[in-house]
Amino acid sequence: MNNPVADKWNRIYASASAASNPAAVLSENLFLLPQTGTALDLASGLGANALLLAKQGLTTQAWDISAVALFKLQQQADAEALAIKTFTREISTQSFSPNCFDVIVVSRFLDRSICDAIMVCLKMGGLLFYQTYTQHKKIELGPKNPRFLLAENELLSLFSLLKLVYYRENSAIGEIQQGLRNEALFIGQKV
Ligand SMILES: C[S@@+](CC[C@H](N)C(=O)[O-])C[C@H]1O[C@@H](n2cnc3c(N)ncnc32)[C@H](O)[C@@H]1O
């Protein structure tokens, strides 16, 4: 693939070893997952979320533009005999088909143009777990371009068609040394 975004991420992942921690919105709410079904880790990178989803018994896909990241993820999944299939693709509205997944997880990736397609791609009763960076950051971490940063409560409006299950955005309220300051966390259900 001759694509500057893919090249950039392939360079980053070339020197990365293993997947880091899964997103808190998923790891702290595992009890919400169905016992069986299909899951998608969207823009998975090295696939920490995909690995966790597969360990929970879900048949999991991981999509990302970086072939390097997905090669490493597929190797780890195969070594651990986990049901993960990786797909190298530039994600766009065309990537999604209706009613495909019981669970979709998106962490640290934001493309507002695909939000409706994500909801269409969820099965009825399916859950979306979303966590990414906000504009009001307390620590210099993550992207600087506002295109990739959430406005206040933005996940609530982007996914307003889903039933709200969970939302957390600590912003700058209270003791800022504690809490989750740089990101918003959302779980919604398609009903
Ligand atoms: C900040 S990383 C997050 C990775 C992972 N979700 C996590 O939380 O660790 C953003 C990911 O989005 C992927 N990405 C960026 N633009 C993309 C696109 N247009 N299509 C598919 N993947 C893309 C990158 O390759 C990278 O793995």
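This is a predicted model: local features need pLDDT of at least 70, side-chain atom pairs count only at pLDDT 80 or more; totals for chains, interfaces and linings use all residues.
The ligand site comes first. The ligand is surrounded by 15 residues. Tyr13, Ala43, Asp64, Ile91 and Ser107 are the closest of these. Several polar atoms of the protein face polar atoms of the ligand. For Asp64, an N or O atom of the side chain lies 2.5 Å from a ligand oxygen atom. Ala43 contributes its backbone instead: a polar atom there is 2.8 Å from a nitrogen atom of the ligand. Ile65 also takes part through a backbone N or O atom, at 3.1 Å from a ligand nitrogen. The ligand exposes 600 Å² when taken alone, and the protein buries 83% of that area.

Asp41 belongs to strand β1, which covers residues 38–42. Asp41 is buried, yet it forms no salt bridge. The nearest side chain of opposite charge is that of Arg108, and it is 11 Å away. A salt bridge requires a distance within 4 Å.

Leu52 sits in helix α3, which spans residues 48–55. Leu52 counts as buried because its relative accessibility is 15%, and the cut-off for buried is under 20%. Leaving out residues up to four places away in sequence, Leu52 touches Pro22, Leu26, Ser27 and Leu30. Ala18 is 34 residues from Leu52 along the chain, and the C-alpha atoms of the two are separated by 14 Å.

How values were computed
Residues are numbered from 1 along each chain as its sequence is written. Side-chain values use heavy atoms; hydrogens and water are left out. Helices (H or I, at least four residues) and strands (E, at least two) are DSSP runs, numbered from the N terminus. Buried means under 20% relative accessible area, exposed over 50%, partly exposed in between (1.4 Å probe, protein chains only). Lys and Arg count as positive and Asp and Glu as negative; His and the chain ends are not counted. Contact means heavy atoms within 4.5 Å. A residue is near a molecule or strand if one of its heavy atoms lies within 4 Å of it. A polar contact is a pair of N or O atoms within 3.5 Å; within protein, one must be able to donate a hydrogen and the other to accept it, and residues adjacent in sequence count only if both atoms are side-chain atoms. Accessible areas come from the Shrake-Rupley method with a 1.4 Å probe; for residues, only the protein chains shown count as cover.
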